[in-house]
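Take a moment with the sequence and the fold before reading on. A short report comes after them.

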Amino acid sequence: MDKFERSTKMNGNERIVDWCQGPGRHVQGIGPLINGFAEQLVSAGVPLTRVTMSWQTLHPQALVAAYYWDADEGSREVTVPFGADLTSAYLKSPIRPIFEGADEVRRILTGPSAQVDFPILEELKDRGIVEYLALPVRFSDGVAHAMTFSTVVAAGFSDEQVALIRSALNVFSPIAEVQAVRQIARTILETYLGQASGPKVLEGSITRGNLETIEAALWYCDLRNFTGLSQTFSSTEMIGLLNDYFGVAEAAIETHGGEILKFIGDAVLAIFPLDGEQSTTEVLQNASAAACEALASRSEIAADVPDLEVDFGVALHVGRVAYGNVGAPNRLEFTVIGPAVNLVSRIAGLCAELKVPYVASDAFVTAIDDTFRPLGTFPLKGIAQPEAVFTLAKDL
């Protein structure tokens, strides 16, 4: 039996199984996977209008990730933040029973047998949905995630179509789990290593000493009087203050194309790589704009603590660094090292000494189109030659 003859004789369930065990295994990402799965169900005769998958993820800001497929509007992704499990929206959601172990939530939304007992079903009914079905998607760890199926067809789903969906989920769940695990791994690595460094590690850059030489603008900032603050405020209050401060730095750095490499106590080391996509001047202007934006947001740090003024300084430099894995055999760090890193950390210390929030090296100032004023030339610990430093001509 050739491939064409076999394909014409397969029933709907066999087609879906064939897809899940073949092309579906090579789809990258949960969103595209759900799109393909929904399209396979439609091809098998299931009159789908809307499909969603909600899964309990591992993300620093999200409790649940949800993917939506709509026959007319395409697909989209949303995340549900932590604390949502305590809200009325979650407590009154048909997804909640599935997460808590229910085998199904099946509702007819129109006619004499209508049962519209969840707020979301009212919204779907207004959109013309006739029947709603939520089923568990169980991963190998036993955790139940949820998938929903809706239709506008007047007759709703037949029992045979529901049976087909259930059967299809048995072969869909293992490949969905693979994609979910991949996404969790990617999220964890990006969270702890950064959006550029994380994928490098996921792609196999995990050998100690595996370094590449890159050109980059370097950012280094630290809090003023961190030791004094630590003696004044409790550990819990200091964690809140640090989180606010790091959040301000992250928002500015990432908005302008940089990446935080590490937090060193109360300091932040970040890079803006010169990767050829932008000119050197443009990259350095982005780094400078990020510094100005972060410094302009100083008042947002620990704003709820009366009479507390939090200040920090930002130092900028540009140079060649070694970028990659450094550390012990079983505990590595993906970072940058080299004289340029030492220099930017040293000139950061001049912010407090010179009472300016922004300092830049001679190399940085020479390569950027902006107006600076000189602060002088200073010897720096561990640096062979004294370094000329500058600050922006405008006030910050």
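The model is a predicted one.

**Whole protein**

The protein holds 14 helices and 14 strands. Its radius of gyration is 27 Å, well over the 21 Å that the globule rule gives for 396 residues, so the protein is more spread out than a compact globule. Some overall values follow.

| Property of the protein | Value |
|---|---|
| Span of the C-alpha trace along the principal axes | about 80 × 55 × 40 Å |
| Share of the 396 residues that count as buried | 45% |
| Distance between the mean positions of the 29 positive and 49 negative charges | 5 Å |

Among contacts with a separation of 6 or more, 60% come from residues 24 or more positions apart.

**Helix 11**

Helix 11 covers residues 280–296, 17 residues in total. From first C-alpha to last it reaches 24 Å, close to the 24 Å expected at 1.5 Å a residue. Its buried residues include Val 283, Leu 284, Ala 287, Ala 291 and Leu 295. An α-helix has 3.6 residues a turn, so residues three or four places apart point the same way.

**Thr 49**

Thr 49 sits in the loop between helix 3 (30–43) and strand 1 (50–56). Is Thr 49 buried or exposed? Thr 49 counts as buried because its relative accessibility is 12%, and the cut-off for buried is under 20%. Leaving aside residues up to four places away in sequence, Thr 49 touches Trp 69, Asp 70, Ala 71, Ile 129, Ser 150, Thr 151 and Val 152. Val 153 is 104 residues from Thr 49 along the chain, yet their C-alpha atoms are separated by 8.6 Å.

How values were computed
Residues are numbered from 1 along each chain as its sequence is written. This is a predicted model: local features need pLDDT of at least 70, side-chain atom pairs count only at pLDDT 80 or more; totals for chains, interfaces and linings use all residues. Side-chain values use heavy atoms; hydrogens and water are left out. Helices (H or I, at least four residues) and strands (E, at least two) are DSSP runs, numbered from the N terminus. The radius of gyration is taken over C-alpha atoms; the globule rule is 2.2 Å times the number of residues to the power 0.38. Buried means under 20% relative accessible area, exposed over 50%, partly exposed in between (1.4 Å probe, protein chains only). Contact means heavy atoms within 4.5 Å. Lys and Arg count as positive and Asp and Glu as negative; His and the chain ends are not counted. The place of a charge is taken as NZ of Lys, CZ of Arg, CG of Asp or CD of Glu. The expected span of a helix is 1.5 Å times one less than its number of residues.
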